[in-house]
Amino acid sequence: MISLSASSFLNKTGVPGCSTHLSLRQPRARSSPAFFRVLSTLGSSRDPNGSVLIETSSSSLETSADIVVPKSTVSGGVQDVYGEDAATEDMPITPWSLSVASGYTLLRDPHHNKGLAFSHRERDAHYLRGLLPPTVISQDLQVKKMMHTLRQYQVPLQRYMCMMDLQETNERLFYKLLIDHVEELLPVVYTPTVGEACQKYGSIFLRPQGLFISLKEKGKILEVLRNWPEKNIQVIVVTDGERILGLGDLGCQGMGIPVGKLSLYTALGGVRPSACLPVTIDVGTNNEKLLNDEFYIGLRQRRATGEEYSELMHEFMTAVKQNYGEKVVIQFEDFANHNAFDLLAKYGATHLVFNDDIQGTASVVLAGLIAALRFVGGSLSNHRFLFLGAGEAGTGIAELIALEISKKTQIPLEEARKNIWLVDSKGLIVSSRKESIQHFKKPWAHDHEPIKDLVDAVKAIKPTVLIGTSGVGQTFTQEVVETMAKLNEKPIILALSNPTSQSECTAEEAYRWSEGRAIFASGSPFAAVEYEGKTFVPGQANNAYIFPGFGLGLIMSGTIRVHDDMLLAASEALAEQLMEEHYEKGMIFPPFRNIRKISARIAARVAAKAYELGLATRLPQPKELEQCAESSMYSPSYRSYR
Ligand SMILES: NC(=O)C1=CN([C@@H]2O[C@H](COP(=O)(O)OP(=O)(O)OC[C@H]3O[C@@H](n4cnc5c(N)ncnc54)[C@H](OP(=O)(O)O)[C@@H]3O)[C@@H](O)[C@H]2O)C=CC1
Ligand SMILES: CC(=O)C(=O)O
Ligand SMILES: [Mg+2]
């Protein structure tokens, strides 16, 4: 038996040099109900839940000239299972996945529900008469209405809950809203509000989103993966909740992060929602407040460590490869650094893994620095960098800067590192500390006398660039910023810590304390600032610029491993999208409103690099990679139902 997805009715579609690969879905043998498989032309009946049940045999389907039957569902590449690509937008489809939803069931199916936008013809054809009031409205009017509703909520968390509710009831409207109003809604579904949502997840929790894999599932992870309704997964974002933004250990409630990141994969990068899988690994939490919170949703025990932790993670990583193949992107997100670096090193050789906090952050910051050269002149090798925070983000960025300098100037990497200094919770990282520091800090232990305070480190090192990656707010004090401004005509100051409460300083403070001379960007958004009659627009130095396009590039090329050169390619693709009008406002990142175009360019460059390195498997290489990226992006416009 074969279940036929809606898109299988569509002809192969595409743009020159990029054919969209459509596929039949093969149901898993284990749990697929035997009695219904679909093809409306072959006759139908209704099951008691309102689903239309249609029988067919696989052999009759395999003969259809328009249909591609892959041998395996884990072949990677771009597979338009539900007719979600922009290329399929104008074609009528049947609203089904495993069975045709109709009537009451259709209204409660978030993938196909259109609410009042169902036409009268569709209401007749799909048993919706009477289940909706008589008015028919357009999706655009629905967007207008939802924005009006959202703007009534003054409390950001209420807006977040409203958006989550929409995602669970009408997925296309959710994404249309997010894409059309990206600058307004990014702070709602992402930082800073997602941070508060994770902190209060137990209290606001209505419906589970994503897949929860706890120690209780040990030995059964493959089965758990098979409980997820979608089979053609292309991206997994996984966390264990130990370092959620700069808010620390939020245990199982970290689920808000993979869910939010994957919403951005779709809205910003065009990866279709059905291909995205959010996962939270629950090994307990050391957060006493949560352990004592009656509404906490996770395991009520302290974190498992050592072998117990590694075994669970290994079972997960193995099960993912077994179930989805090796072309599924596994994005590690918000792990604590004592696990993050090891997981990346361990699975980098066997899986398509990407650590967003280490690699994605590095790529976005490098892009901002390349753009900032426009204001400060010279090349990166002429600059001196000082970081507050020497963890995933700090050392990840430092290493990519050094790599870029080394490649551009042909000097050895060790030499390039010498202009980069980091401060951790114990002070400046210097050679006398080398024996006692974690392995990822060792390359940065340069010869210098120990210094405890940041301001003294600024005075001693005289950086041209100051980057905050400590997760601790208000650490770029007035004295720190004024010292930077004394040392530099245009000090580059990046306050990367999230959410807003943990930002090292505000945009207003950076501009005021530097007398309007700072080139400033922050991890969470700040509004434009007026200073002495001039308007400054702070950029958002956030990995959200990179990972959606980066992931799309990996998927569209069927890449099997991430390589540092792809991160450099992504940085360059982002930096080159700043226009004169942006520089005039002091910006070092382009506005998010053009993010889909930006992501397509990043995806194309990443894919091109993958082909160049021989890591891409989707052959032959499409001629127009950027066009290919754009045309394979998910479009949230409603489809017409036959
Ligand atoms: N804008 C963006 O895109 C991104 C932002 N971030 C943000 O960066 C922050 C850090 O993340 P990450 O690097 O993963 O975290 P880590 O825990 O890996 O690193 C934090 C680092 O900060 C140091 N630190 C902590 N407190 C202080 C202090 N008071 N003074 C000086 N140093 C201190 C720690 O020191 P020690 O080692 O001694 O404990 C550690 O080196 C978070 O807020 C996160 O949200 C992260 C990724 C992307
Ligand atoms: C942005 C991000 O990934 C973080 O703050 O962890
Ligand atoms: Mg993160």
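Predicted model: local features only at pLDDT ≥ 70, side-chain atom pairs only at ≥ 80, totals over all residues.
## Two ligands and their surroundings

**Around ligand 2**

- The residues surrounding ligand 2 are Tyr-190, Arg-243, Leu-245, Lys-261, Glu-333, Asp-334, Asp-356, Asp-357, Asn-498, Asn-542 and Asn-543.
- Sorted by class, that shell has 6 charged, 3 polar and 2 nonpolar residues.
- Oxygen atoms of ligand 2 have polar side-chain atoms around them: one of Asp-334 at 2.9 Å, one of Lys-261 at 3.0 Å and one of Asn-543 at 3.0 Å.
- On its own ligand 2 would expose 220 Å², and the protein buries 91% of that.

**Around ligand 1**

- Ligand 1 is surrounded by 26 residues, of which Arg-243, Asn-337, Ala-390, Ser-425 and Lys-441 are the closest.
- The class counts for this shell are 14 polar, 7 nonpolar and 5 charged residues.
- Asn-337 places a polar side-chain atom 2.8 Å from an oxygen atom of ligand 1.
- The backbone takes part as well: a polar backbone atom of Ala-390 is 2.8 Å from an oxygen atom of ligand 1, and a backbone N or O atom of Ala-393 lies 2.9 Å from one.

**Where ligand 1 lies in the fold**

- Helix 15 (356–376) and helix 16 (392–409) are the elements that each give two or more residues to the shell around ligand 1.
- Ligand 1 lies between domain 1 (192–355) and domain 2 (359–541), because both domains give residues to its shell.

Note on methods. Residues numbered from 1 in each chain as written. Chains lettered and ligands numbered in written order. Heavy atoms only, no water. Near = heavy atom within 4 Å. Polar contact = N/O pair within 3.5 Å; in protein donor to acceptor, adjacent residues only side chain to side chain. Areas by Shrake-Rupley, 256 points an atom, 1.4 Å probe, with all protein chains shown as cover. Nonpolar A, V, L, I, M, F, W, Y, C, P; charged D, E, K, R; others polar. Helix = DSSP H or I, 4+ residues; strand = E, 2+ residues; numbered from the N terminus. Domains from an automatic or database assignment.
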